[in-house]
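These are my notebook entries on a structure that I had not examined before. I record what I looked up, entry by entry.

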Amino acid sequence: MLEHDVLVIGAGLAGMRAAIAAKAGGADTAIISKVHPVRSHSNAAQGGINAALIDRGDNWEDHAYDTVKGSDFLGDQDAIEVMCQSAGTSLIDMEHMGVTFNRDDAGRLGTRAFGGQRRARTFFVGDFTGQAMLHVMFEQLIKSGVRSYEEWFVTGLIQEDGQVCGVTALEIRTGQVYAIRAKTVIFCTGGLGRVFEPSTNALIVTGDGIALAYNAGARLMDMEMVQYHPTTLAGSGVLISEAARGEGAYLLDKNGDRFMEKYAPNMMELASRDVVSRAEQTEINAGNDVDGCVLLDCRHLGAELIQEKLSQIREIGIDLIGIDMVKQPIPIRPGMHYIMGGIKTDVDGLTNLPGVYAAGECACVSVHGGNRLGANSLLDTIVFGERSGNHAAQAAREIEYVDFDVDGVVDRERERIQDMLDRPNNDDRVASVRLGMGQSMNANLAVYRNQAGMQETLGDLDELRERYSKVPVDNKGRVFNTDLVFALELGFMLDCAQTIAVSALDRQDSRGAQSRTDFPNRDDENWMKHVVVTKGEGGPDISYLPVTVTQWTPEERKY
Amino acid sequence: MEVTLRIRRYDPESNRPESYWEEFPVSLEGNATVLDALIKVREEVDGTLSLRCSCRSSICGSCAVRINGQAGLACKMQAADAVDSDGVIVVEPPGVMPVVKDLVVDFKPFWDKIREVEPYLQPQGEEPEGEYLASNESMLHLSGVTSCIMCGACVSDCTVLEVDPTFLGPAALAKAYRFTADPRDGDEEGVSKERLEKLSEVTGMWDCTRCSECVQVCPKGVAPMDRIMALRDQAMEAGLTDNNGSRHATAFTESVAHSGWLDELQLTVKSVGAGNVPALLGFAPVGLRALARGKMPPIIHKSIENVEGIRKLAEKLEDPEPE
């Protein structure tokens with residue numbers, strides 16, 4: 001029997017940080033991931049990680065205020081305080097582990113400016129900070145000796161009398177189904193970007209953990225808050241880092257004008273992401289676009305700076321659309337990038353289900369509220385990854401393993417999968433169902449939303465779920481059956497899509513990333529609260545939680 | 001754009017598990033990558049095609065395959081640049097590592113070697129309260145190596161690994177260099193002598209034959225071979241010269257500096273050590289074969305004409321004048 005005190009699902013930055021912490025806390029710890037840890041999507045974080053270092057004359061309250069304001073006052077201020085207070089220590093820990101942060105002339109950690117913040121407090125490794133941190137965290141995982149199940153796909157949670165006591169998982173290499181018993185489970189499965197098409201997110205980002213937790217009874221919160229990043233590449237929608245604007249790049253309309261003057265005269269291109277994306281979309285809708293895009297102009301930064309600090313995005317432009325940003329502006333547009341919402345947790349990562357934790361993008365503490373600041377996501381992963389690992393290890397000491405019928409559980413899961421493989425061909429395809437979902441979400445749950453559109457998407461999702469229940473799987477084999485994995489992921493994605501759409505439809509105001517043309521204003525009197533969605537008998541149930549305010553009274557946002 | 005993907009397939013569960021070629025015609029948009037084409041096949045034509053892929057932007061390292069015989073990332077290569085005159089793109093799994101299914105290979109040997117170099121920072125002194133002080137140049141230099149995404153392209157096409165699976169290989173050695181070149185790793189001077197000792201052993205840095213294949217195929221400009229050469233410099237500077245590789249390098253330099261060309265007999269003797277009779281005897285069959293084919297180097301090694309010029313050059317290299 002495979003069993004562990006702490007089982008971490010997902011091996012990105014949050015997951016590995018949690019596993020290392022849990023192991024250090026004395027727990028028998030394992031980490032399970034559908035891809036090898038270094039393939040995780042934390043790789044894609046480009047620009048940096050925020051921290052207010054006291055010895056630079058910064059202080060955590062300033063960082064916290066910028067975060068609260070960025071969240072459009074929907075973030076829980078107690079959680080934001082925890083994150084920003086821990087940031088310095090967590091950052092220095094990463095440096096001690098070996099991250100090759102860029103330095104200033106004195107040999108100390110160097111900073112760059114980032115959106116929505118009044119001073120430069122973003123620490124970085126070129127424009128591949130996430131990759132640099134992820135690989136170092138993997139190095140530490142090796143050092144820690146945590147048991148690692150690589151290329152194992154978690155298909156379900158095992159519950160006995162409401163207590164989560166393990167998971168079922170498919171070993172992708174062999175096609176075998178296993179049950180793994182666990183005293184505590186930590187979800188670190190990342191976001192759900194592929195629910196939208198296009199998205200900046202990697203193909204593996206399919207909301208697995210969010211859906212698993214939801215189906216097991218966990219509360220999801222702020223699910224309507226979907227971040228559209230202001231600079232995603234025309235065509236594939238791949239991310240072009242905010243670091244470009246942090247280093248001074250301009251956003252231009254078709255006439256070559258810096259249109260941000262109209263929307264954020266002080267912060268210009270470095271206003272918060274929701275504000276910049278909305279501005280771009282407004283310009284595009286008004287016909288000031290170039291083939292559906294606006295332009296990101298880096299030419300004045302010079303080849304040398306671009307090569308030192310923005311080399312990866314330069315490479316992406318050349319490889320994917322044949323444009324060298326040293327010589328030409330690149331066409332960009334707002335694109336789905338991040339989910340602020342997720343599995344509701346407290347500041348120790350604990351959910352409403354005993355023994356179940358969540359950290360990183362799949363979780364909602366909520367530190368990002370209505371809009372996440374750039375470079376706060378890496379911080380979120382390591383701060384709350386560590387806290388949840390610590391807490392789970394401690395909790396596991398007080399918890400006994402729960403007995404369950406292992407063979408029965410494995411047999412039922414194997415049968416469920418076999419039933420999918422045995423479906424008759426009906427000329428429908430998994431990819432076609434997924435595309436239908438992604439396009440409908442991108443049409444109606446993007447930068448601007450309205451009731452009719454969102455209702456249309458909810459209707460689409462009903463039809464798509466119906467199709468999903470019958471969609472055939474081409475590959476009937478056992479060994480490395482990626483076709484089967486995609487089919488299982490699509491089930492998770494459809495669940496996530498529905499929770500987003502019902503939450504967005506329920507929230508009748510515009511706040512942070514949610515801009516409703518039918519409710520264009522922020523309505524603090526009625527909607528200064530979190531929308532919570534749980535799985536009910538007949539579908540998603542909506543409830544509300546208050547926003548925690550400690551020291552910053554909500555006010556109108558201006559950048 | 002119409003292209004034909006010619007894919008090397010393998011299904012271990014089939015009745016006759018042997019690899020075979022299968023061709024798929026696909027229509028692509030102008031900017032499509034080879035990965036876009038593979039995904040199109042998998043999503044629209046044949047879901048049994050197995051491949052690893054994720055980020056689509058050369059950062060996750062999942063989709064290394066061989067395209068037209070050379071390893072690279074499918075997501076980085078534009079289809080238009082990969083087609084031959086008949087519109088065909090040949091895609092195979094990466095080399096060296098065993099194939100699991102279709103384009104998916106078993107990375108275990110790859111990760112085992114990464115683990116072998118103890119791939120985590122090992123500072124010897126006391127940890128500072130704040131960050132370690134380090135120059136930006138040193139960090140930028142390391143970033144040139146840490147930009148490695150562990151895709152395995154270099155390992156796939158390494159000509160040493162092809163014949164000697166015990167070689168640590170370009171990825172693991174580049175990873176090792178990432179630590180030996182880190183001012184925070186090792187002693188207070190930043191010298192990681194213990195690492196360099198281990199890496200100087202057989203299967204380590206001296207087993208690279210400098211074919212440059214890894215430099216050619218690396219999609220991230222890491223230039224693993226250059227890092228291996230830098231490891232050799234570090235090892236010799238740290239005084240780790242009691243091994244064949246280091247002696248070979250020294251003898252090579254000395255011979256050229258002295259006579260203007262290579263004294264192959266002396267090179268052999270000096271590399272293994274003049275007192276190392278068993279090793280020298282081991283070369284006897286090679287020597288006899290060379291003799292039989294008239295390829296034995298001259299016993300008396302004469303200098304080239306105008307060797308003075310070479311010697312002056314060598315002196316300058318040894319002791320460059322200050323600028």
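**Entry 1: the nonpolar core.** I began with a term: a nonpolar core is a set of buried Ala, Val, Leu, Ile, Met, Phe, Trp, Tyr and Cys residues joined through C-beta atoms within 7 Å. I note at once that the model is predicted. With that term in hand, I looked up the largest nonpolar core and found 269 residues in it. The residues with the most contacts inside this core are Ile186(A), Val34(B) and Ala74(B). The element that gives the most to the core is α15(A), with 16 residues. I then listed the neighbours of Val34(B), leaving out residues up to four places away in sequence. Val34(B) touches Ile67(B), Ala74(B), Met77(B), Ala79(B), Ala82(B), Ile89(B) and Val91(B).

**Entry 2: strand β9 of chain A.** I next asked why strand β9(A), residues 176-187, is described as largely enclosed by the rest of the structure. The reason is that 10 of its 12 residues are buried. I went through the pairings of β9(A) in turn. Strand β1(A), residues 2-9, pairs with β9(A) in the parallel sense over 7 bridges, and Val6(A) stands opposite Thr184(A) there. Strand β8(A), residues 163-171, pairs with β9(A) in the antiparallel sense over 6 bridges, with Tyr178(A) as the bridge partner of Ala169(A). The hairpin of β8(A) and β9(A) has 4 residues between the strands, and Gly175(A) in this hairpin takes a positive phi near 80°. Strand β16(A), residues 356-358, runs parallel to β9(A) and is joined to it by 3 bridges; Val185(A) faces Val356(A) in this pairing.

Entry 3: I found an open sheet of 3 strands in the order β3-β5-β4 in chain A, with antiparallel pairing. Its edge strands are β3(A), residues 49-50, and β4(A), residues 111-112, each of which pairs on one side only. β4(A) and β5(A), residues 122-123, pair over 2 bridges, and Arg112(A) stands opposite Thr122(A).

I then turned to helix α5(A), residues 208-215, which is largely enclosed by the rest of the structure because 7 of its 8 residues are buried. Among the buried residues are Asp208(A), Ile210(A), Leu212(A) and Tyr214(A). Gly217(A) follows α5(A) and has a positive phi near 110°.

**Entry 4: chain B and a helix pair.** Chain B comes to 15 helices and 7 strands. Of its 323 residues, 41% count as buried. Its C-alpha atoms fill a box of roughly 65 × 65 × 40 Å along the principal axes.

In chain B I looked up how α11(B), residues 244-259, and α12(B), residues 264-272, pack: the angle is about 145° and the axes are 7 Å apart. The crossing is right-handed. The contact includes Phe252(B) of α11(B) and Leu267(B) of α12(B), and by class it has 4 nonpolar, 5 polar and 2 charged residues.

**Entry 5: where the chains meet.** How many residues does the contact take from chain A and from chain B? I recorded 54 from chain A and 45 from chain B. On the side of chain A that touches chain B, the elements giving two or more residues are α3(A), α4(A), α10(A) and α15(A). The largest share of this side, 7 residues, comes from α4(A). The residues of this side divide into 22 nonpolar, 17 polar and 15 charged.

Terms used: Residues are numbered from 1 along each chain as its sequence is written. Chains are lettered from A and ligands numbered from 1 in the order in which they are written. This is a predicted model: local features need pLDDT of at least 70, side-chain atom pairs count only at pLDDT 80 or more; totals for chains, interfaces and linings use all residues. Two residues are in contact if their C-beta atoms, placed from the backbone, lie within 7 Å. Ala, Val, Leu, Ile, Met, Phe, Trp, Tyr, Cys and Pro count as nonpolar, Asp, Glu, Lys and Arg as charged, and the others, Gly among them, as polar. Axes are lines fitted to C-alpha atoms, for helices over the stretch in contact, and angles run from 0 to 180 degrees between N-to-C directions. A crossing is left-handed if the near helix is turned anticlockwise from the far one by less than a right angle, and right-handed if clockwise. A residue is buried if 20 or more other C-beta atoms lie within 10 Å of its own, exposed if 12 or fewer, and partly exposed in between; C-beta atoms are placed from the backbone. Two strands pair if DSSP finds at least two bridges between them.
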